[in-house]
Amino acid sequence: MRWTRRLRLCVAGAVAASALTAAPATARAAEARDGRLTDLVDPFIGTANEGNTFPGAAVPFGMVQLSPDTGHSTGYDHAHDRVRGFSLVHLSGVGCRIGGDLPALPTTGEVTRTDYAKYAVPFRHDDERASPGYYGAGLGNGVRAELTATARTGVQRYTFPATDKANVLLNAGQALHRTVSSTVEILDDRTVRTAITGRGFCKDTVPYTVHTVTRFDRPFTAYGTWDGATVTAGSRTGRGGAYLRFDTTRDRAVEATTALSYVDAAGAAVNLRAEGGRSFDAVRDAARRAWEDRLAGVRAYGGDAGLRRTFYSALYRSFLAPNVGSDADGRYTGWDRRVHRAEGFTYYQNWSLWDTYRTQAQLLALLAPAESRDMAISVVKVAEESGWLPKWGYGTVETNVMTGDPVTPYLTNAFHQGLLKGYEERAYRALRRNADGVPPAGSPAVGRDANPDYLARGYVPYVEGHRPPKPGHSDYAFGASATLEYALSDAMLARMARALGHHEDAARYTARSRNYHNLFDPSTGFFRARDASGAFTGPADPARSVGFHEGTSWQYQWLVPQDLPGVTGLIGGRRAANERLDAFFAYDRLLRDPEHTARDVWVHGPYAYYDADKYNPLNEPDLAAPYTYLSTGQPWKTADVVRAALTLFTGGPAGLTGNDDLGTMSAWNVLSSIGLFPVQPGHPTWALSTPVFERVDLRLDRRHYPRGALTITAPGTSRADRYIQTVAADGVTHDRTYLTTDALRSLGTLRYTVGPRPSRWGTSEQAAPPVLR
């Protein structure tokens, strides 16, 4: 799908001004009033053009994310105009079918259809409203549907026309994933219980089960269940779904609270008792307050309304995952299929690690360290309970989607941020096992499935179409990128090993971190896949290269954050590297027309990953690429590229092209906008770049940041004045292009001065981010 929008905006205001071109769907989010940051958030951003976000109701990191499903594989597509139901589970920005459990839909009249694709109800986008913790829509059958949520419950309010046949359909047998089995039980005249077992994602998975209990605020006047296409009035049990009927001739509003558990029916009941019992309006107000507090951790000043709206919408999406996985009593289902109890922490799940280890993990560690600690502990628990660390975990199962070794930089980042205190050695043991071995045949995990060859040869051989014996992706099928990802992870694990006193391991992993050299083909000057014989394979043209997952050699050549000077040396030195970077970013054209360069040269569709020699700002392998200039002595070009890339974030439904991947792209927006970027994922290195706001106040946890706050200022920053002239940390001149987390912890202020032309700031070799050896 070719990106075809054509807007003529200047660089400076591109993010802001393009936000003001919102389609009617997004015009419903009012400008902030009375200083409420939640009024700046537009949940409809990313619901078109495969951004795959959802507009429904959730609280930060909530287990329940209650949202409409319109027929798109991940839930909601702004191009659709019929809603099949409002279901409990969604993941923001994923690229594969998952969730959608227990879609509920209000209808009137007799219940004759049981396929939600057939009983779907029309709706109009100009009659939708969404804000953090709330969604509402007028339906074509005359019902007003409203949604809100707590951490473990979804609350629905349906305002019907006057009728004695107002129905709520609870469909246990259909979801976004493949439903293996389902049961529904009507327990009394207000309560319905379900158990739903499903499986799926990009590949097949081990089945997982969710349990729900739904409590209505008034008795049913009639009810029934269905199996397949057969509806049985008065039946209390079924396998497909249930309908509950109400008389709304006088009291037209019906409220229902649905609690979710990944443990058992008792867990759903516990969650209902703990978080249910309040009115819809009370829950909605509490959800808004929770989001207001979360967003208030970042106060941005300057910029126009459009810029602030896209920024706070990205910040909102950054806090949607990972998700609470334990019930209110602490119980959770581990990856060993057994029930455990979280003692002293909240258990989290949903690990899109190939994506989130690059941006979102670091943003959460900075702004939500308490939750980030629990998340990191949860990952360690997965390893201890199932025997292996996760790669891409959904709910209670491993999907094995994507490649490389993303869990290592995720956990080493947590270690360096101080989030693993008391768990350091336990985490290290799991990481060491993962780095040096392969999961046993009985484990659902594939881990680093190419480790035997990687350890023996120093690279992962590319085997076209290779499939592992378990569901998921194979690193052999993407041998070139897997080699680079393994080497990156080895570098990060080496630093953790050294810090913990495991010096022999540190030396071994450091040596392995240089395995990227084994992919360099001197005849092309690029990284290239190698086969089992050691020969380079695939087309010599790096834009047509094989063996790279969602990318080409052009894009992956910069994915060596542990040793960018080493890559520069292979290419031929700083001058040659800068010439190649300029070609990669189409830099000359970028200076003349940044927004059109971003849309016409860089981006060719949300899934156009291959056959390209240019930067792809919509996909994970390129997220840190603009910051490569910090290591080649031309840091001002980072500002040019980042500003242009930020123009892709707009205020319309298509304002987040490419999958958001559980907040990954949104976190890139936030970090790049405030001028701090984790340029070495897995290591506490924060690259410095020009903020887009004149001032940003970060509220920080004093247990990790003793000053409790950090103020970043860049007076006069704009399209014209975008180049760093000087940086001062607490008033002291700072000439390097990065800060460490330890340095950030001691700071109260970080001040950028900016100007219209590049300066000498950050151009020396000593100013570049460190080499991790």
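How many cavities of 30 Å³ or more does the count come to? The count comes to 14, where a cavity is a set of points, on a 1 Å grid over the protein atoms alone, at which a 1.4 Å probe fits but cannot get out. Grid points are joined across faces, edges and corners, and a volume is the space filled by probe spheres set on the points. The structure is a predicted model, in which local features need pLDDT of at least 70 and side-chain atom pairs count only at pLDDT 80 or more, while totals for chains, interfaces and linings use all residues. Residues are numbered from 1 along each chain as its sequence is written, and side-chain values use heavy atoms, with hydrogens and water left out.

The largest cavity has a volume of about 170 Å³. Its lining, made up of residues with an atom within 4 Å of a point, numbers 18 residues, and Trp 558, Leu 559, Ala 624, Ala 625 and Val 679 are the closest to the centre. By class, the lining of the largest cavity holds 14 nonpolar, 2 polar and 2 charged residues. Here Ala, Val, Leu, Ile, Met, Phe, Trp, Tyr, Cys and Pro count as nonpolar, Asp, Glu, Lys and Arg as charged, and the others, Gly among them, as polar.

The second largest cavity has a volume of about 130 Å³. It is lined by 18 residues, with Gln 360, Ala 361, Leu 364, Met 375 and Tyr 410 nearest its centre. Two or more lining residues come from each of strand 23 (351-352), helix 7 (360-367), helix 8 (369-386) and helix 9; helices (H or I, at least four residues) and strands (E, at least two) are DSSP runs, numbered from the N terminus. Helix 7 gives the largest share of this lining, 4 residues. The lining of the second largest cavity divides into 12 nonpolar, 6 polar and no charged residues.

The backbone also deserves attention. Asn 400, in the loop between strand 25 (397-398) and helix 9 (407-416), has a positive phi of about 60° although it is not a glycine. Asn 400 is buried (under 20% relative accessible area, with a 1.4 Å probe and protein chains only; exposed is over 50%, partly exposed in between), its own relative accessible area being 1%. Asn 52, likewise not a glycine, has a positive phi of about 60° and lies in the loop between helix 1 (14-19) and strand 1 (67-69). Asn 52 is buried, with a relative accessible area of 3%.

Finally, the peptide bond from Ala 321 to Pro 322 is cis, with omega near -5°. Pro 322 is placed in the loop between helix 5 (305-318) and strand 19 (323-324).

How values were computed:
On a 1 Å grid over the protein atoms alone, a cavity is a set of points where a 1.4 Å probe fits but cannot get out, and a pocket is an open set with protein on both sides within 12 Å along at least five of seven lines; lining residues have an atom within 4 Å of a point.
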